[in-house]
Amino acid sequence: MNVDLFTASLFTALVGNVAGAVFIIDTILRRDHGPGRIWSIAFLSGMATTVAYSMWAAGIGEMLPIAVGNALFVTTTAVMWLGSRSFNQRRIGSATAVTVLGALTVAGAVVVEGPDGGDWAGWLTMGIGLVVFSTLAAIETLRAPMRRFGTASVLAVVFLVMAAFYLARCVVFVVAGPGSALFLDAFGSVVANFFTVILTVVAVVVISVLRAAQVELRSFAWMSSRGVTSDGILLAATLRTAMADVVERAGWRGEMVATVAVRMADLPEIRTAFGADVAGDVLHHWRQSVRRYAPSFALVGEDEADTLIVVTRAATAAEARRQAAVIYRGVLESLGAVTRAVIPSVGVGVALTETVGYRPDALVQSARLAAIDSATSVESSVLFGGASEAEENPA
């Protein structure tokens with residue numbers, strides 16, 4: 001089946017604009033303020049690219065639409081790279097400057113060649129820019145933490161295939177020329193248009209999945225490989241190691257250690273009723289409030305998906321209760337600031353070494369069980385766990 005350039009271009013513009021519009025609208029509805037917003041700019045640039053090339057095809061503006069279209073095409077790929085850097089929580093200031101410089105260089109190449117360059121004016125510079133930025137984007141998607149999502153590898157493949165295609169196209173462009181049979185049959189505009197459609201469809205699906213995973217789950221554990229999550233909370237393994245050392249040294253001195261478990265219930269129900277955005281905000285504020293209102297020298301780490309552990313020194317049981325009550329009130333105030341329409345049940349349980357002993361696992365289990373009871377209790381916001389509960393319900 002033979003497809004003319006106009007039909008192929010129209011098909012590419014239709015697919016690109018629809019995919020971009022869907023992603024941008026979804027970003028607005030989610031009120032995404034992370035990498036999704038940057039990726040939306042990339043899709044917006046892609047949509048503008050089709051408009052510029054359509055103006056050129058209609059004979060409007062002579063070389064200007066080519067310069068703008070080429071610059072926007074490269075910008076689309078470069079901003080995809082910026083979005084991936086943002087996803088990995090890396091600075092994008094210098095990368096943004098590189099993107100702007102690349103776009104200006106591509107546009108300038110068209111102006112320099114001028115009308116003598118014909119329809120392919122400045123194309124080689126654009127092709128090189130696409131190879132460079134798609135390679136950078138592929139490398140970025142393979143960095144931690146993005147690489148810990150399986151779908152990120154699919155996005156990396158998309159960028160690598162794109163880099164390989166345009167590298168081969170640049171080579172054939174230089175060696176054989178844009179008018180050669182090899183270039184027209186294997187790398188011509190029609191082939192490039194269908195290639196762009198396939199990559200666009202795959203990219204928008206994969207990026208949507210990545211964005212949804214980050215916004216909805218926000219488990220934070222994948223954000224770091226150093227034992228501390230991006231929001232300053234210790235990973236469970238890190239907490240247990242540090243806690244074992246603290247409890248052991250406290251045992252030598254006979255000092256009392258309080259283990260406070262803070263449990264937030266109802267998160268799955270909140271996600272179902274109010275959406276992933278609200279659930280993500282609630283989860284984020286809960287974690288930050290526990291860390292903020294915990295004693296300054298306390299260990300704050302993850303236990304289970306809905307429980308955080310605070311390990312601190314307390315001279316008396318009354319002091320431990322006071323510290324736990326400060327955390328409880330701080331958590332409720334923080335959650336109330338997110339949305340007063342939904343405040344999850346919060347339970348706080350406390351286990352003391354004077355009742356449970358200097359055993360980290362028993363302390364965590366006792367505090368955890370007390371927090372579960374506290375979340376459903378109407379009589380007390382802070383409950384103490386004992387040795388018997390930990391022994392009867394081992395972790």
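Helices (H or I, at least four residues) and strands (E, at least two) are DSSP runs, numbered from the N terminus. With that settled, I looked up Ala-156 and found it in helix H6, residues 150–175.

Ground rules for my notes: this is a predicted model, where local features need pLDDT of at least 70, side-chain atom pairs count only at pLDDT 80 or more, and totals for chains, interfaces and linings use all residues. Residues are numbered from 1 along each chain as its sequence is written, and side-chain values use heavy atoms, with hydrogens and water left out.

**Entry: Ala-156.** Buried or exposed? I get a relative accessible area of 3%, so Ala-156 is buried (buried is under 20%, exposed over 50%, partly exposed in between, with a 1.4 Å probe and protein chains only). Leaving out residues up to four places away in sequence, I see Ala-156 touching Ala-138, Thr-141 and Leu-142 (contact is heavy atoms within 4.5 Å). Leu-142 sits 14 residues from Ala-156 in sequence and 6.7 Å away in space, C-alpha to C-alpha.

**Entry: salt bridges.** I searched the whole structure and got 10 salt bridges (a side-chain nitrogen of Lys or Arg within 4 Å of a carboxyl oxygen of Asp or Glu). I started with Arg-85 and Glu-140, whose closest N and O atoms are 3.9 Å apart. This pair links distant parts of the chain, with Arg-85 in helix H3 (residues 64–87) and Glu-140 in helix H5 (residues 123–141), 55 residues apart. Both Arg-85 and Glu-140 are buried.

Glu-140 also forms a salt bridge with Arg-90, and there the closest N and O atoms are 2.6 Å apart. Again distant parts of the chain are linked: Arg-90 is in the loop between H3 and helix H4 (93–113), 50 residues from Glu-140. I noted 2% relative accessible area for Glu-140, so it is buried, while Arg-90 at 30% counts as partly exposed.

Next I checked Arg-263 with Asp-306, a salt bridge with closest N and O atoms 3.3 Å apart. Arg-263 is in strand S1 and Asp-306 in the loop between S2 and S3, 43 residues apart. Asp-306 has 21% relative accessibility, so I filed it as partly exposed. Which residues do shared partners join into one network? I found Arg-85, Arg-90, Glu-140 and Arg-143.

**Entry: the sheet.** I traced 5 strands in an open sheet, order S2-S3-S1-S4-S5, with mixed pairing (two strands pair if DSSP finds at least two bridges between them). The edge strands, each pairing on one side only, are S2 (299–304) and S5 (382–384). From one strand to the next, the twist averages 25 degrees. I looked at strand S4 (residues 346–352) with S5: they pair in the parallel sense over 3 bridges. Val-350 has Phe-384 in S5 as its bridge partner.

**Entry: helices on the sheet.** Helix H9 (residues 236–253) packs on the sheet and touches strand S1 (257–264), S2 and strand S3 (307–313), its direction making about 125 degrees with that of S2 (axes are lines fitted to C-alpha atoms, for helices over the stretch in contact, and angles run from 0 to 180 degrees between N-to-C directions). I also have helix H12 (residues 317–338) lying across S1, S3, S4 and S5, at about 160 degrees to S4.

**Entry: H2 and H3.** The axes of helix H2 (residues 35–57) and H3 come within 8 Å and cross at roughly 165 degrees. I therefore call H2 and H3 roughly antiparallel to each other (under 35 degrees is roughly parallel, over 145 roughly antiparallel, 65 to 115 roughly perpendicular, the rest oblique).
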